[in-house]
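Please look through the sequence and the model below before starting, and keep both at hand while working through the exercises.

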Amino acid sequence: MNALDKPSAYALRCARMVERLRLMGIKSEHVLDAMHRTPRHLFVEEALRSRAYDDLSLPLGAGQTISQPYTVAKMTELLCGDALQMPRKVLEIGTGCGYQTAVLERAGIHEIYSIERIRDLHEIAKRNLRAARCVRSRLKCGDGYLGLPVAAPFAGIIVTAAPKEVPLALLNQLAVGGRMVLPLDEGGKQFLWLIEKLPDGFRETCIQEANFVPLVNGSRD
Ligand code: SAH
């Protein structure tokens with residue numbers, strides 16, 4: 001066992017990461033606590049584990065990346081609001097290694113569905129989530145552009161890859177009163193958006209610049 005394999009070494013790094021997130025502006029204690037209780041080192045390749053708690057996005061394989069901790073925390077905060085208005089049923093598009101999925105579980109979301117289009121990553125995410133003892137999420141391999149009509153409507157939808165336009169199927173599968181968090185690629189520049197579905201339309205709020213891999217539109221491949 002090398003020194004970094006000791007749980008305490010990761011625990012210290014994780015606690016420092018959470019303090020950094022607080023300084024960077026993450027306010028929800030609920031989200032900070034979920035980040036604290038999610039073992040990020042179990043979601044990155046062994047060779048990268050020493051960097052797992054740095055505020056970096058890291059390669060996942062298959063040309064994809066695990067989002068940096070700040071981005072995961074910010075998106076979770078936008079999706080969850082405060083602990084009292086947490087969505088009960090959430091759809092994630094772009095499982096990747098499963099880290100964001102695990103944070104949603106640790107935040108206490110009751111019912112989570114997550115879709116990944118690359119089968120190898122879908123399998124890796126299943127393994128990682130089992131290792132982190134996250135057993136409630138339901139993972140699907142398929143095209144997230146289409147959402148998951150059989151399980152709709154969702155109180156929350158989180159998209160962790162950037163489309164050029166909001167996929168219509170996802171807007172349709174969002175419950176009234178629900179919140180969608182997604183990056184949009186606007187002519188090469190990306191921004192993170194919060195879209196709330198109101199009884200009489202949508203409220204769209206631009207949050208900040210973003211940097212995600214593209215959401216691949218399966219039907220146009
Ligand atoms: N949520 C991950 C981020 C993964 S990166 C994390 O916690 O780090 C984004 C992922 O979206 C990639 O794995 C990519 O393969 C996936 N993706 C891209 N287009 C997709 C689509 N149409 N349907 C489902 N997954 C897609």
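The exercises that follow concern a predicted model, and each is paired with a worked solution.

**Exercise 1.** Find which residues are closest to the ligand, and work out how the shell around the ligand is made up by class.

Solution. Begin with the shell as a whole, in which 25 residues surround the ligand, the closest being Gly94, Glu116, Asp143, Gly144 and Val216. Next, sort the shell by class, which gives eleven nonpolar, ten polar and four charged residues. Finally, turn to the secondary structure: β2 (64-66), α4 (99-106) and β4 (111-116) each supply at least two residues of the shell, and the largest share, three residues, comes from β2.

**Exercise 2.** Identify polar atoms of the protein that lie within 3.5 Å of an N or O atom of the ligand.

Solution. Take the oxygen atoms of the ligand to start with: a polar side-chain atom of Glu116 lies 2.6 Å from one such atom, while a polar backbone atom of Ser67 is 3.1 Å from an oxygen atom of the ligand. Then consider nitrogen, where a polar side-chain atom of Asp143 is found 2.9 Å from a nitrogen atom of the ligand.

**Exercise 3.** Describe the largest pocket, its volume and its lining.

Solution. First, locate the pocket, which is the space taken by the ligand, and note that about 570 Å³ of space lies in it. Then examine the lining, to which 40 residues belong, with Thr65, Thr160, Ala161, Phe212 and Val213 lying nearest the centre of the pocket. The elements that give two or more residues to this lining are β2, α3 (69-80), β3 (89-93), α4, β4 and β9 (201-210). By class, the lining divides into 19 nonpolar, 16 polar and five charged residues.

Terms used: Residues are numbered from 1 along each chain as its sequence is written. This is a predicted model: local features need pLDDT of at least 70, side-chain atom pairs count only at pLDDT 80 or more; totals for chains, interfaces and linings use all residues. Side-chain values use heavy atoms; hydrogens and water are left out. A residue is near a molecule or strand if one of its heavy atoms lies within 4 Å of it. A polar contact is a pair of N or O atoms within 3.5 Å; within protein, one must be able to donate a hydrogen and the other to accept it, and residues adjacent in sequence count only if both atoms are side-chain atoms. On a 1 Å grid over the protein atoms alone, a cavity is a set of points where a 1.4 Å probe fits but cannot get out, and a pocket is an open set with protein on both sides within 12 Å along at least five of seven lines; lining residues have an atom within 4 Å of a point. A molecule sits in a cavity or pocket if more than half of its atoms lie within 2 Å of its grid points. Helices (H or I, at least four residues) and strands (E, at least two) are DSSP runs, numbered from the N terminus. Ala, Val, Leu, Ile, Met, Phe, Trp, Tyr, Cys and Pro count as nonpolar, Asp, Glu, Lys and Arg as charged, and the others, Gly among them, as polar. Grid points are joined across faces, edges and corners, and a volume is the space filled by probe spheres set on the points.
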